[in-house]
Amino acid sequence: MEILLAIIIGLLYAAGIYMMLRRSLVKLIIGLILLGNGANLLIFLLGRIAKGTPPIIGATEKVLSEIYADPVPQALILTAIVISFGLQAFAIILVKRAYKVVKTDDLDEMNATDEDL
C-alpha cells in the first residue's frame, strides 16, 4: 500500500509541476491544487498506515503498549487542507480579476500588455 501511495504522490507532484509550468493561469491553479493534494498524501504516508486504537492512556497504565494511531499527521493534513483551500480561493479570485482586466489568461500576453500600460 505504501508503494502505491508513493507512486501516486510522485505522479501528483509531476503533474502539478507540469501544469504550473504551462502559460495559462488556470493551469497554474490546477497545478497548485495537485501539488497541495500530493503534499497532503505525503504527510499521510509519513504518519505510517496502521490500524490501531486512539492514543489514550488508561488510568491504570503508564505507557501505551498497543499499536495506536498517531494523531499528529492527521492534524497537519487538516491544517494543510484549510490553508490550501484559502490559497486556492484567493488564486481563483485573482485570476478572475486579471482575466476581467486583461481579457486573457496567457502569461506571455499579460507580459506584453504590461509594457503597454
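Select Met1, Leu4 and Ile8 to begin: these residues form a nonpolar patch on the surface, with about 320 Å² of accessible area together. A patch is made of residues with over 30% relative accessible area and no salt bridge; nonpolar side chains (Val, Leu, Ile, Met, Phe, Trp, Tyr) are joined within 5 Å, like charges within 9 Å. Accessible areas come from the Shrake-Rupley method with a 1.4 Å probe, and for residues only the protein chains shown count as cover.

What you have open is a predicted model: local features need pLDDT of at least 70, side-chain atom pairs count only at pLDDT 80 or more, and totals for chains, interfaces and linings use all residues. Residues are numbered from 1 along each chain as its sequence is written, and side-chain values use heavy atoms, with hydrogens and water left out.

Stay on Ile8. It lies in helix α1 (residues 2–20). Ile8 is partly exposed, with a relative accessible area of 33%. The cut-offs: buried is under 20% relative accessible area, exposed is over 50%, and partly exposed is in between (1.4 Å probe, protein chains only).

Now show the whole chain as a cartoon. It has 4 helices and 0 strands. Helices (H or I, at least four residues) and strands (E, at least two) are DSSP runs, numbered from the N terminus. Of the 117 residues, 21% are buried.

Residues 6–21 are 94% helix and 0% strand, with end C-alpha atoms 23 Å apart. Residues 75–95 are 100% helix and 0% strand, and there the end C-alpha atoms lie 30 Å apart.

Select Arg23 and Asp106. They form a salt bridge, with the closest N and O atoms 3.2 Å apart. Arg23 sits in the loop between α1 and α2 (25–46), and Asp106 in the loop between α3 and α4, so the pair links parts of the chain 83 residues apart. The term means a side-chain nitrogen of Lys or Arg within 4 Å of a carboxyl oxygen of Asp or Glu. The structure holds 1 salt bridge. Asp106 is buried, at 12% relative accessible area.

Last stop: Lys103, in the loop between α3 (71–102) and α4 (107–116). Is Lys103 buried or exposed? It is exposed, with a relative accessible area of 61%. Lys103 has a positive phi of about 70 degrees, although it is not a glycine. Most residues other than glycine have a negative phi.

With Lys103, they gather in a patch of positive charge on the surface. Lys and Arg count as positive, Asp and Glu as negative; His and the chain ends are not counted.

Conventions: Charge placed at Lys NZ, Arg CZ, Asp CG, Glu CD.
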